[in-house]
Amino acid sequence: MGKDQTVLFHSTVFGPIHSRRLGVSLGINLGPDDGKVCSFDCIYCEAGYNRQGTGTTGLPPKEKVYNDLRNKLVSMREKGENLDVLTFSGNGEPTLHPDFPEILDDVMALRNEFYPEAKVSVLSNSTKIFSPEIEKALKKVDNNILKLDSGVETTMRVIDCPNSPDFTVKKLIEGLKKFSGNAIIQTMFLRGEHDGVKVDNTTSREIEALIAAYREIRPKEIMIYSIDRSTPEEKLVKVEKAELAKIAEKIEKETGIPVKTA
């Protein structure tokens, strides 16, 4: 199963940090401070496996998110600090928070008040896009970043380990199409082994399946990347930048959709 690593964010608002993909980013963690709540159990998740538990602090109330973010933005503005993006990320899947739509509205209002030029990004594993409330909320954000790690069902299940047996690649693609291009699709490329099963989503078959999926979804952008930090499954190998660039070139050529690498 790999090691029991835990790299958690111990606050509701964290940073600013420099994101490889988004610039100067202030993170918003809607998970617990001392555990993880997620509908995937990805073998590459830097926060570790779900078996570590959900911790003791629970999900932060929306009032705490609002107050913590307001205080941080006041402090940053007073210091003259730059901010490119407010990013929902952290210890698990942000859209699992029961007040996610209301919290998003609060965050966008604070953004408009303090840093109107900054973007609002949500990094989501796509499991909640079938909820009308979540779909409506995600359509409001500047960077609606939704995950698709493989177009092949067996590979997706090994890499992402979704909690629900009803979550399938076919259903996911249908759900992603509903965003009518108002989405950025993010794909993690890796190879290695998990529980004795070889995994590699860089093969020709895998790339072709992803290209077919991207063509159906028609996102405004595709974001591809590989492992950058320690992972709970130790037998994973990073895909180097030169290879990622070749994959990006092929995807962009065959789909006509801009591809960014990180």
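Reader: What should I know about the model before we start?
Author: It's a predicted model, where local features need pLDDT of at least 70, side-chain atom pairs count only at pLDDT 80 or more, and totals for chains, interfaces and linings use all residues. Residues are numbered from 1 along each chain as its sequence is written, and side-chain values use heavy atoms, with hydrogens and water left out.

Reader: OK, at what angle do H1 and H2 pack?
Author: About 15°, with the axes of H1 (residues 62–79) and H2 (residues 100–114) 10 Å apart. That makes H1 roughly parallel to H2, a label for angles under 35 degrees. Axes here are lines fitted to C-alpha atoms, for helices over the stretch in contact, and angles run from 0 to 180 degrees between N-to-C directions. Helices are DSSP runs (H or I, at least four residues), as are strands (E, at least two), numbered from the N terminus.

Reader: And which residues of H1 and H2 meet?
Author: From H1, Lys62, Val65, Tyr66, Leu69, Arg70, Leu73, Val74 and Arg77 meet Glu102, Ile103, Asp106, Val107, Leu110, Glu113 and Phe114 of H2. Contact means heavy atoms within 4.5 Å. The residues of that H1 and H2 contact divide into nine nonpolar, no polar and six charged. Nonpolar is Ala, Val, Leu, Ile, Met, Phe, Trp, Tyr, Cys and Pro, charged is Asp, Glu, Lys and Arg, and the others, Gly among them, are polar.

Reader: Switching topic, how many disulfides?
Author: The count comes to zero, with a disulfide taken as a pair of cysteine sulfur atoms within 2.5 Å. For Cys42, the nearest cysteine sulfur is that of Cys45, 6.3 Å away.

Reader: Is Cys42 buried or exposed?
Author: Cys42 is buried, at 9% relative accessible area. Buried means under 20%, exposed over 50%, and partly exposed in between (1.4 Å probe, protein chains only).

Reader: Back to helices, how far apart are the axes of H5 and H6?
Author: 8 Å, and H5 (residues 169–177) packs on H6 (residues 204–217) at about 30°. Ile173, Glu174, Leu176 and Lys177 of H5 meet Ala213, Glu216 and Ile217 of H6.

Reader: Last one: where is Lys178?
Author: In the loop between H5 and strand S6 (184–194). Lys178 counts as partly exposed, at 32% relative accessibility. Leaving aside neighbours within four places in sequence, Lys178 is in contact with Ile129, Phe130, Glu135 and Lys139.

Technical notes
Angles under 35 degrees count as roughly parallel, over 145 as roughly antiparallel, 65 to 115 as roughly perpendicular and the rest as oblique.
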